[in-house]
Amino acid sequence: MSPGTGQLSGLVAATFTPLTPQGELNLPVIGPYVDYLLEKQGVRSVFVNGTTGEGCSFSLEERKQLAEEWCRQGKGKLDQVIVHVGCLNVKDSQELARHAASVGADAIAVISPSFFKPTNADALKMFLKEVASAAPELPFYYYHLPSMTGVNLEAREILEGIENQIPSFRGLKFSGTDLRDLGQCVCYCRPHGWSLLYGVDEHLLGAVVLGVNGAVGSTYNYLGNIMNSMLTAFEKGDIAQARNLQFKMQEVITFAVSLGFSLPMNKQLMSEFSGLHMGPPRLPLLPCPPDHAKSIAQKLRDVLAEQ
Ligand SMILES: CC(=O)N[C@H](C=O)[C@@H](O)[C@H](O)[C@H](O)CO
Ligand SMILES: CC(=O)C(=O)O
C-alpha cells in the first residue's frame, strides 16, 4: 500500500449500525465500538452509513444522529470518519453532506442513485457534483458498487475529468470485480494523489498488487487483525504469507457463503466476534438464525488455529 501525504490508506471499517432489539438506533454502543476497532482490530478509520451500515434504510434524522455520534466518539481517536451521504435524491444527499461538514466528518462519500439510474457517466458526475458542492470543504469520494446499484458504468469513465467538476474530489471506493477497470482507475488516481480504496474484502490481495491505497469493508470490523497482518506481509515482500492469510480469510467467507452469507448474518457475526450488541437489521432485511453466526465464528477460530 502506498501511504502518501493526506491520502486515505490502510483498512477502513464499513460500520454496522447498532440497533436495539426493538429496531431503534442504539447510539451508546458506538463509543465501545470505536475502542474495539482501535484496540482489538488495529483499524483506525470508519465508513459510516454505507451498505454495511444499512444507510439507505434509515431516515435523514437517524443518519444525522449516526454521523454525529461517530464523529463525536471518533474525535481524537480515529484517523478518519467518512460519512456516506448518498440518497436517491440530490436534495437529501446535499442536506446530509452539509450536516456531515457541520459535525466534523473528515470526508463524505456518495453512491450512485439506483431507482432512477443515471444513463451515462456525465449524468452521474452531475449528480455527484451537486452533492459535493453542498460541502466543498470536505474531501469527496465516489462509491462505486455496481452489484448493488445496477449502474454498470465503468469507474474509469466516471473519473475522467471529474477534477474539473468537483474540486474536492479525492478518490473512490471501488467495490467491483473488474480488475481492468480497477487498474485503469489506479492509473488515473496516481498523478492526482487521490486514494483508491478497494471494497471486495475477499479479493483484497489482488487489488493491493494492482496498487490500491487501502480498503473499505465490512469484514475489517472483525477480521481487521488478520487483514492488517496480510498487508504487512505484502509490504515486507512476504507474498507467501500474504497469500496464506488471504486464503484463510477466504475460507471463512466461503463457509459463510455456504450458509447464505448476507448482511443480517454479517451483522450478527460482528456481535458474535466483538461481544458488542449490534441488534437486528432494519426491515426489509430479516434477522438470520443465531446458530449460523456461531458456527462461522467457530470456523474462524479453527482456521486461525491451523498453521
Ligand atoms: C456489497 C457489500 O456490502 N460489500 C462490502 C463493502 O463494499 C464488502 O465488505 C463485503 O461485505 C465483503 O467483501 C464480504 O463479501
Ligand atoms: C463496505 C462498504 O463500504 C459499505 O458497506 O458501504
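**The ligand sites and the barrel around them**

Mentor: Strand 5 (residues 140–144) and strand 6 (residues 169–174) pair in the parallel sense over five bridges, where strands are DSSP runs of E of at least two residues, helices are runs of H or I of at least four, both numbered from the N terminus, and two strands count as paired if DSSP finds at least two bridges between them. Before going further, please keep in mind that this is a predicted model, in which local features need pLDDT of at least 70 and side-chain atom pairs count only at pLDDT 80 or more, while totals for chains, interfaces and linings use all residues. Residues are numbered from 1 along each chain as its sequence is written, and chains are lettered from A and ligands numbered from 1 in the order in which they are written.

Within that pairing, His144 has Phe174 of strand 6 as its bridge partner. Strand 6 also pairs with strand 7 in the parallel sense, over four bridges, and here Leu172 is the bridge partner of Leu196 in strand 7. These strands belong to a closed barrel of eight, running 1-2-3-4-5-6-7-8 with parallel pairing. The twist from one strand to the next averages 25°, with axes fitted as lines to C-alpha atoms (for helices over the stretch in contact) and angles running from 0 to 180 degrees between N-to-C directions.

In a regular strand the side chains alternate between the two faces of the sheet. Strand 7 (residues 195–198) is covered on both faces, with Ser195 and Leu197 buried on one side and Leu196 and Tyr198 buried on the other; buried means that 20 or more other C-beta atoms lie within 10 Å of the residue's own, exposed means 12 or fewer, and partly exposed is in between, with C-beta atoms placed from the backbone.

Turning to the ligands, the shell of ligand 1 includes Met148, Ser175, Asp201, Glu202 and Thr219, and that of ligand 2 includes Phe47, Gly50, Lys173 and Val216, a residue being counted when its C-beta atom, placed from the backbone, lies within 6 Å of the molecule. Ala14 and Thr52 are listed around ligand 1 and also around ligand 2.

An unreviewed UniProt entry annotates Thr52 and Val216 as "binding site". Although they span 165 residues in sequence, no two of their C-alpha atoms are more than 10.4 Å apart, so they gather at one spot. Such annotations, given in the numbering used here with shortened feature names, may be inferred rather than shown by experiment.

Thr52 lies in the loop between strand 2 and helix 2, and counts as buried because it has 24 C-beta neighbours inside 10 Å. Leaving out residues up to four places away in sequence, Thr52 touches Ala14, Thr15, Phe16, Ser218 and Leu263, contact meaning C-beta atoms, placed from the backbone, within 7 Å. Val216, by its position, belongs to strand 8, and is buried because 28 C-beta neighbours lie inside 10 Å.

Notes:
Contact = placed C-beta atoms within 7 Å.
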